[in-house]
Amino acid sequence: MCGIVGYIGYRQSTDVLLHGLSKLEYRGYDSAGLAVYHQGSITVRKFKGRLQTLTQDIANSPIEATVGIGHTRWATHGEPSDANSHPHANHHATIAVVHNGIIENYLELREMLMKEGYRFTSQTDSEVLAHLLDKLYEGNLVVAVRKMLKIIKGSYALAILCEKEPDKIVGVRKNSPLIVGLGESENFLASDIPAILNYTRNVYLMENDEIVICTQDNVTILDENDLEKQPDIFKVNWDAQDAEKGGYEHFMLKEIHEQPESIRKTMLSRIFEEKDYVVLDDVKITKEDLDRFQKVYIVACGTAYHAGLVGKYLIEKYARIPVECDIASEFRYRNPLVDKCTLCIVISQSGETADSLAALELAKAQSARVLAVTNVQGSSIARAAHDVIYTWAGPEIAVASTKAYTTQLLCMYALSMHFGLLTQHLSKQQYAALRDELFDLPRLVQQVIATDEGLHALAKRRKNAEDIYFIGRGLDYYVSLEGSLKLKEISYIHSEAAAAGELKHGPIALIDQGTLVIALLTQDELFNKTLSNIKEVKSRGAYVVAFCKENAEIIRKEVDELFVIPKAADDVAPVLAVICLQLLSYYFACERGCDVDKPRNLAKSVTVE
Ligand code: M6R
């Protein structure tokens, strides 16, 4: 999604803006631009394509300036082009604006402004902001911004620069993240923390409808009533290098390798080796609450939704509460049965996904209790929820989610075990057995990662595959869905996942001589059932690659290739199986020469609907 950086201070602002934008590249973008105040006027430079084009332009023709705003755009309204790139400026370029989000009433505003003689140079919704500010400006930028907020509808994070007030940059947000970085004789605006971490760790997370005025030496926050507010400064406790590649060829590979550690961290201070209970500090749900809940909804998008499916399985199994797992963009428009007897669990790595946030707001408005599972402290979803579990995976930069998914699974184990103990459907012995399995996971994950050559070799041999099918039953089916999503998003190979038992109801028609089928058999009770499905596809000519646990190698003669994962209880095996599929997708993408960390058409944080 789009990225924003704003700077005011003593440094060369183009350097700070370009550096900040480079740290936001992971969000996905198709053009980049900046506006700086230079010798009495605003200069705008913006280009379609990679940030490198803008960087090169600035290198060819540097601009001396210590204040400015920058943007990486991911096209929504209007194709990727120089003209549609941000910043957008009014006619004489005295006001420049960068915008993340969508202005919903832009067409009517555009028409109104055009009637008044304003000329538009782009197809974007964002350009109306620059002209509207021009119309409303009467010598005080903050007053004009406040007036504008009363007119525009939609979601936005904005950074604004004004030629007549070059001693400040102004920011505002509504349902799109914006943070303020507080430095020594310099201050920053950004849509995400990595953009400013090179310069400061002191961060303020803006609230909806607040306006921030950054000067070189001051940061003033005005609440929605324009009253000055003391900012609650947050100290970033992770390093900039946590968001760097650290010697790996791609962020995705680095993040796959970080999983033993991120899983350990997620368990830390929640599940204890010697104790028979779970500690979830920010979850205040009691046994009485659980008795009241008639239904649990788990709502999420993409990979987070796949983690939710595992969560549904676990909560129903351990706590015996009915759970429905829904895709957020479906849930929000289907008038779901939500009331005060509902618990709604929203899972989101970024905590900013527009559909998930809207689903959360809907559930809240209908009096549901809302619990967020997210990786980003202070994100919109974390702030809007009643209860929160942080995944503590550290920054995830690659668009393809890996460590966020496995830590979401860990949170699902912790939560379902906690609920199971509260409802007393999970005995202390069952709890202890599961807890011991979880504690062994980091070691087993390490083992899986260390033996990835076979997966790489398979990807090399089959890199020209046009279709790949994943099959499994129970938890293996949920992992198949995630494996298939991972593969298609980064390697662009067409892929589908099928519940193995569903094959004969349709998907088996696609199996032909040599079709690659990846079968998961980590669930002891379902082993023979899936084996029958393997025989079905084999007899139609499929080339079957199977993943099973140790001691299940009897199927070796039934399949074309077999990968053995370490022995673990059925309920935790998905964590190991999915890491094999992450690695396999990664190697397929590399072998096909794909842009692994930034797959085409995708963004890391989907803050628009
Ligand atoms: O930040 P979120 O977890 O809410 O993001 C949800 C999806 O956009 C995300 O999981 C997406 O499917 C990933 N690219 C998958 O790797």
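1. Helix axes in this note are lines fitted to C-alpha atoms over the stretch in contact, and angles run from 0 to 180 degrees between N-to-C directions. Helices (H or I, at least four residues) and strands (E, at least two) are DSSP runs, numbered from the N terminus. In those terms, the axes of α13 and helix α14 (residues 428-450) come within 11 Å and cross at roughly 165°. That makes α13 roughly antiparallel to α14, an angle over 145 degrees being counted so.

2. The model is predicted, so local features need pLDDT of at least 70 and side-chain atom pairs count only at pLDDT 80 or more, while totals for chains, interfaces and linings use all residues. Residues are numbered from 1 along each chain as its sequence is written, and side-chain values use heavy atoms, with hydrogens and water left out.

3. The reader may wish to start from the division of the chain into domain 1 (3-244), domain 2 (255-439) and domain 3 (449-591), with bounds from an automatic or database domain assignment. Between the C-alpha centres of domain 1 and domain 3 there is a separation of 46 Å.

4. The largest pocket (an open set of 1 Å grid points with protein on both sides within 12 Å along at least five of seven lines) has a volume of about 800 Å³, taken as the space filled by probe spheres set on the points. Its lining, meaning residues with an atom within 4 Å of a point, comprises 39 residues, and those nearest the centre are W238, N375, V376, G394 and P395. Domain 1 and domain 2 each supply at least three residues of this lining. Among the elements, helix α7 (residues 259-267) contributes the most to the lining of the largest pocket, namely three residues.

5. In composition, the lining of the largest pocket has 16 nonpolar, eleven polar and twelve charged residues; here Ala, Val, Leu, Ile, Met, Phe, Trp, Tyr, Cys and Pro are nonpolar, Asp, Glu, Lys and Arg are charged, and the others, Gly among them, are polar.

6. The second largest pocket has a volume of about 560 Å³, and 25 residues line it, with C301, G302, A603, K604 and V606 nearest its centre. Two or more lining residues come from each of α9 (302-319), β18 (342-348), α11 (354-365) and α16 (475-491). The lining of the second largest pocket divides into ten nonpolar, eleven polar and four charged residues.

7. A search of the whole structure finds three cavities of 30 Å³ or more, a cavity being a set of points where a 1.4 Å probe fits but cannot get out. The largest cavity holds about 70 Å³ of space, and the residues lining it include C2, R73, W74, H86, N100 and D125. Strand β6 (residues 95-103) gives the most to the lining of the largest cavity, with three residues. Of the residues in that lining, two are nonpolar, eight polar and two charged.

8. Two backbone details deserve a check by eye. H86, one of the residues lining the largest cavity, is joined to P87 by a cis peptide bond with omega of about 0°, and P87 is found in the loop between β4 (67-73) and β5 (88-89). D209, although not a glycine, has a positive phi of about 70°, and D209 sits in the loop between β11 (202-205) and β12 (211-214). Most residues other than glycine have a negative phi, and most peptide bonds are trans.

Methods. Parallel < 35°, antiparallel > 145°, perpendicular 65-115°, else oblique.
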